[in-house]
Each structure stands twice: as structure tokens, then as C-alpha cells.
Amino acid sequence: MTAPHGANLGVNGDRLWQSLMDMAQIGPGVAGGNNRQTLTDADAEGRRLFQRWCEEAGLTMGVDRMGTMFMTRPGTDPEALPVYIGSHLDTQPTGGKFDGVLGVLAGLEVVRRLNDLGVKTKHPITVTNWSNEEGARFAPAMLASGVFAGVHSLDYAYARKDPEGKTYGEELKRIGWLGEEEVGARKMHAYFEYHIEQGPILEAENKQIGVVTHCQGLWWLEFTLTGKEAHTGSTPMDLRVNAGLAFARIVEMVQSVAMSEQPGAVGGVGQVFFSPNSRNVLPGSVVFTVDIRTPSQEKLDRMRARIEAEAATICADLGVGCAVEAVGHFDPVTFDPVLVGRVRDAVTRLGYSHRDIISGAGHDACWAAKLAPATMIFCPCVGGLSHNEAEDISKEWAAQGCDVLLHAVLETAEVVA
């Protein structure tokens, strides 16, 4: 082993992997992954395990009024702002073992490794578990970090409802993770987030590390189409007010809009609710969410405008009512070039293969970047698969990205000799 800040410094990959596997035992899915949705009993149990591990590593805990956990290793300078390492422990209903969880537990592994070596840093290091990153139960995604960054109000967040009508505020209190800290009161020196790619590029190009330079902007547009419930067998075709048909034409239109903005734009529909959802009844209403993303602000604005205008025309032609609400949004993000450079330098020192990459998914780093210098690190995932119980990475991939995280954090937190 060289000096603590030397090129040979690495994390304990076996310990990191075991932590991932232990956390995966909480909220198991039905097909080998996880269902640890935010503010469920499983989420509460996962938080308690993370808390215990952090306290065993000498970290002190703070919890804010959104339930976000901040676990801090002190620095030598009481005036120095912390370097934050963050991601999330909540999962999709049919999620994998690594999405978000890798970033949180890699942050813990960084701290554990510094403890092993007796390394001190000028700046404190704070490992963060952001609440409700996924947005699967309470839309929008990245809710707690959004409140932290001043994008959403606390009242707005508390009033978000899940499909059963339960509110975020009620469920946060129920599971016992309603903290006392004012949301957003903390200040950051810098923010790092380590994550699986959630796409196929790194694996396809046989690259070990993705140096994340940008994050795509996003709109989630929730449409409510109102037709007329009617018997599918006895209602003539020309007398129907068919919200289902309008939905189908809008889905095709979204595909066309996204294809017209190639390269670098995506759009689609991943969630839809038909009512009454009966085999022989034309739907009285259809509620669905259009997801559009691109790293270009100009394209993002143009896509939203076209989709809303063309959807209104489609519905008017069919006599169907059309209402739209934006339920999720962030502009394209350019990550801090200094931190990106430190990640790239760390990869080079460690000898890992890498490429610059744009994140196709949203992350808490997108909101953190509004408050402090921020960046991300990606590792590959098998087949690019994520938001799926079959999501997978290797122990080696996990450790390599954590090595890079360790080096970049140490340079930013400033090792004390």
C-alpha cells in the first residue's frame, strides 16, 4: 500500500458487495430483485440497517423533515463545508439490488476505508440517503432533493399521494422517519453520486467507468383524457367518444415527435390507467404519463410544446376531453467541470478504461448541482437493464467505480497529512 492518497489506494470490494447483498435482503422482490418503495415498512427497515452501519463507522446522523438521512464523518477544520456522497435506498416496485443503493453504500465504503487507514480530511464527508428518489409511489421523482434545492415546497411534497390516496407527510410520520432538520439548511462544498449506468453503452463498449458530464432534461406530462363509457359491442363506431383511441394516437404521436428530434432525444409512455378497465366497456377516462428527455434545452422545450398541441388536436377531433399537468421536470444539467476533471484524473491514475457519458436518467445530483459543484460516476450494468428485478452488475464493476469515487472525494475533501 502506498501513501493514503496514492494511486494504489482502493476500497474493500468484498465488504462493499456484502453490504449490497445484506441490504437486498430487505424488501425482496418476487423475481430476485427488490420492492423497497419509499416510506414503506421495508424502507424503514433498510434505513435502520444503514443507520446501524454508519454509527458503527463513527458517523453521526441528521434527518431532515423530508426524511433524508445525512451521516457525517467529521473533518479537521470545523469551518469547512462537507463533501457529500449521495444517492437513494428506495426502489421501484420491481426494482433491482443496485439502482441508487450502490451509491449510498459506496459512500459508506469510502468512509469505512478511510477509517481502516486512519486517513483524516480537512472537510467532513457526509453520506446521504435521499428520500423518494424513484417517484414510483409518490410523484415526482427526486422529491426530497427537490425540496432541499428549493424546487418544491415542503407542503407540496407532504401532499403528494400514492395510488391508495396516502400522503407523503402521513406515511413519513407513520414509519418514524420524520426528522427535525429544516430541509435545505445544510450547505455543501461538493456533491458526488455513484450509480449504475442504467443503459447499455459502457458494457457494449467494454468500458469500466462512465465519467458523467451532463444529465438529460426531463418532462413528465400527465394526461387525463375524458371520453364516454359505453358498451364495446353495441355502440356504433361513429357514435363513440373513445378516450382509449385518443390515448393510442397520442402514444404514436409521442414516438413520432421523439424520432423527429434525433439524435439525443427520447419519449414514451410507461404508465397508464384505464377506467373502468373492463373488457367490454369503452373507457370513460384514461390517465397516463408521457416521459420526454434530452440534453438539449431547445429540443426539450420544442418537444413539450408539440406534444401538448398535437394531443389537444387529436382529442378535439374525437370529441374527447384533454387535460395535462406537468408532474415532473428538470432542465438539462451540466456537471461541474472541476469535479468532472477530478473523476477523469482518478480513472486515469487507477488505469481503468472509461468514456465520457450523458446520464439518460434523472438523479438527485441534478438538484444538488443547483446548490454546489456536483458530478456523477457510472459503472456498467448487464445488458443496460435497470428498473427491473433482473438488474445486475459484477463485484468488480462495483469496486472499480467506488475506487474512483474514493480518489475523487479525497482530492476534494483534502487529505490532512
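View 1. Asn242 counts as buried because its relative accessibility is 15%, where buried denotes under 20% relative accessible area, exposed over 50%, and partly exposed in between (1.4 Å probe, protein chains only). The model is predicted, so local features need pLDDT of at least 70 and side-chain atom pairs count only at pLDDT 80 or more, while totals for chains, interfaces and linings use all residues. Residues are numbered from 1 along each chain as its sequence is written, and side-chain values use heavy atoms, with hydrogens and water left out. Asn242 is placed in the loop between strand S9 (230–231) and helix H8 (243–260); helices (H or I, at least four residues) and strands (E, at least two) are DSSP runs, numbered from the N terminus. Not counting residues up to four places away in sequence, Asn242 touches Leu282, Pro283, Leu318 and Val320, contact being heavy atoms within 4.5 Å.

**View 2. Helix H8 and its cap.** The N-terminal end of H8 is capped by Asn242, with a side-chain oxygen 2.9 Å from the backbone nitrogen of Gly244. H8 has 18 residues and reaches 26 Å from its first C-alpha to its last, close to the 26 Å expected at 1.5 Å a residue; the expected span is 1.5 Å times one less than the number of residues. Buried residues of H8 include Ala243, Phe247, Ile250 and Val254. The buried residues of this helix pack against strands S8 (217–226), S10 (266–275) and S12 (285–294) and against helix H9 (297–318).

**View 3. The largest nonpolar core.** This core has 103 residues, and Phe50, Met66, Leu105 and Ile393 have the most contacts inside it. A nonpolar core is a set of buried Ala, Val, Leu, Ile, Met, Phe, Trp, Tyr and Cys residues joined through side-chain atoms within 4.5 Å. Helix H12 (residues 395–413) supplies the largest share of this core, 11 residues. Apart from this core lies another, of 25 residues, among them Ala243, Phe247, Leu300 and Leu318. Beyond four places away in sequence, the residues touched by Met66 include Leu143, Val147, Tyr158 and Leu172.

**View 4. Ser359 in strand S15.** Ser359 lies in strand S15 (residues 354–359) and is buried, with a relative accessible area of 0%. Not counting residues up to four places away in sequence, Ser359 touches Val212, His214, Cys215, Gln216 and Phe378.

Note on methods: A polar contact is a pair of N or O atoms within 3.5 Å; within protein, one must be able to donate a hydrogen and the other to accept it, and residues adjacent in sequence count only if both atoms are side-chain atoms.
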